[in-house]
Amino acid sequence: MRISLRQLEVFDAVCRLGSVTAAAQAVNLSQSAASQALAELELALDGALFARIGRRLLLNERGEQLRAQAAELLERASTIEATLRGTTVVAPTLRIAASRTVGGYLLPERLAAYLQAQPDARIELAVMNTETVVDEVASLRAVAGFVEGSVHRADVVAHRWSDDAMIVVAAPSHPLVAQRPTVKRFAAARWIMRERGSGTREMFEHAAQLAGFVPDVALELGAPQAVVRAVAAGAGLGCMSRLVVGDALRRGDLVELPAPFLDLRRPLMVVLRRDAYVGAGLRALLDALAPGVVPARLRR
């Protein structure tokens, strides 16, 4: 065998951190030793694994092919070593990503319950829009993503784990509150929307298209609560997850408008890279956050 676990450890650290200097510190090597290990790995595999851009190292196609397999080998080696020594496996920090709706309103309580049951676990949650979440998973910057709506990419797989419903809301003073909402009136109204790339926006625009109108977007905002406040202030109509607007509805800051002509049901999805290795730590986390979502073929 021409490659070593140490070389793969350096490679994995460079993938995560973007530079040999940072990787060397992470694996307790000198910079020259880490550079040598990476050079030896590329030599053993007959080609470069990174594109060099200044001091940054970016994975090329060959590096992308190796990354998931390297992570699997390193986790398996760590488990073997700990088992034979009779020691506890040091839990790696699992970085997950979630859309703003899911990450802000569904996952925090579930993560808190998981950490109470698994005190040694370490989780990092990045909250961003759906499109960016999928990018994070595809690039292995996150081991899993939690989003709403459909996902269409060849390098990831999405598994349905729950459902969500969006509703149309308005300020109590909005004229449509006193009228019967229709497609024509919705088409004439001003709308406050999330930014492009948001699963919420994509879902609403698709539902509107099927109903026969294109929403007049007067204001785009990057955070769910910013949309809630703008709609409550009377700037226009909004379409948000019931999870997001629940408190505002109970306070009377917003009013739900009936919209039987819009299909606003949507699935909640767990996104994994297609060639992902689901180790014990990630499997336990997925089983806690989204029970039953891990397919049998990934339970290694």
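Is Gln-7 buried or exposed? Hi everyone, let's start there, and please keep in mind that we are looking at a predicted model. Gln-7 has a relative accessibility of 9%, so this residue counts as buried, because buried means under 20% relative accessible area.

Where does Gln-7 sit? You'll find Gln-7 in helix α1, which covers residues 5-17. The side chain of Gln-7 reaches the backbone nitrogen of Ser-4 at 3.1 Å. If we set aside neighbours within four places in sequence, Gln-7 touches Arg-2, Ala-37, Glu-40 and Leu-41.

Now, on to the charged side chains. This structure has 21 salt bridges. One of them joins Arg-273 and Glu-64, at 3.0 Å from N to O. Arg-273 belongs to strand β11 (residues 265-273) and Glu-64 to helix α4 (residues 61-85), so this pair ties together parts 209 residues apart in sequence. Arg-273 is buried at 9% relative accessibility, while Glu-64 is partly exposed at 24%.

Next, have a look at Glu-148 and Arg-266, whose side chains form a salt bridge at 3.8 Å, N to O. Glu-148 is in strand β5 (residues 144-148) and Arg-266 in strand β11, so to speak two distant parts of the chain, 118 residues apart. Both partners are buried: Glu-148 has a relative accessible area of 2%, and Arg-266 has 1% relative accessibility.

Finally, find Arg-95, Glu-124, Glu-136 and Arg-141, which salt bridges link into a network.

Methods
Residues numbered from 1 in each chain as written. Predicted model: local features only at pLDDT ≥ 70, side-chain atom pairs only at ≥ 80, totals over all residues. Heavy atoms only, no water. Helix = DSSP H or I, 4+ residues; strand = E, 2+ residues; numbered from the N terminus. Buried < 20%, exposed > 50% of the residue type's maximum accessible area, 1.4 Å probe, protein only. Polar contact = N/O pair within 3.5 Å; in protein donor to acceptor, adjacent residues only side chain to side chain. Contact = heavy atoms within 4.5 Å. Salt bridge = Lys/Arg side-chain N within 4 Å of Asp/Glu carboxyl O.
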